[in-house]
Amino acid sequence: MACFFVIVLSLAVFADINPPSHGETIDPTKVATTAPFDHPGLRQTGPKTYEAYYVGQVFLWTPASITIPVGSTVTFYVTSEDVVHGFSIPQEDVNAEIMPGWVSSVTHTFTRAGDFPIVCNQYCGIGHSTMFAHVIVK
Ligand code: CUA
């Protein structure tokens, strides 16, 4: 993991190669006191549009659960307080790599009702497989 991080960081710094979804930077040691990530959660921005701010850390996503109406379009903004995580909603084809120091974003429209687990799809340590949250659409 450390090697991977050094490689990614080196590419970013020396070759200017960055994943396209990584637009904003953030100090990973100050996530808990940096708005809007000091208050992770859902914000409604229109009749059926939302922004959802998530913090990943070993081994949980915050917020643990959000509830939205069917047909909602959500832009997820996700960052990490520690290591690389993978923000994934497998049933809805949402996927973003989450690296400390960066804010990743991905937008998705939820067209069916259900309880969709958010999992972590980048190995991040011993509790990796227990790192999940829920998007409840109803
Ligand atoms: Cu977080 Cu795997």
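Strands here are DSSP runs of E with at least two residues, numbered from the N terminus, and two strands pair if DSSP finds at least two bridges between them. I noted that the model is predicted, that local features need pLDDT of at least 70 and side-chain atom pairs pLDDT 80 or more, while totals for chains, interfaces and linings use all residues. Residues are numbered from 1 along each chain as its sequence is written, and side-chain values use heavy atoms, with hydrogens and water left out.

I then followed β10 to strand β11 (residues 133-137), where 5 bridges join the two and the strands run antiparallel; Asp115 stands opposite Ile136 in β11.

Next I turned to Ile98, which has its place in strand β8 (residues 94-98). I found Ile98 buried, at a relative accessible area of 0%, where buried means under 20% with a 1.4 Å probe and protein chains only. Leaving aside neighbours within four places in sequence, Ile98 is in contact (heavy atoms within 4.5 Å) with residues including Trp61, Val78, Phe87 and Ser104. The C-alpha atoms of Ile98 and Phe87 are separated by 6.6 Å, although the two residues are 11 residues apart along the chain.

Last, I checked Ser104, which lies in strand β9 (residues 102-109) and is buried, with a relative accessible area of 1%. A polar atom of the Ser104 side chain lies 2.8 Å from the backbone oxygen of Glu97.

Conventions
Helices (H or I, at least four residues) and strands (E, at least two) are DSSP runs, numbered from the N terminus. Buried means under 20% relative accessible area, exposed over 50%, partly exposed in between (1.4 Å probe, protein chains only). A polar contact is a pair of N or O atoms within 3.5 Å; within protein, one must be able to donate a hydrogen and the other to accept it, and residues adjacent in sequence count only if both atoms are side-chain atoms.
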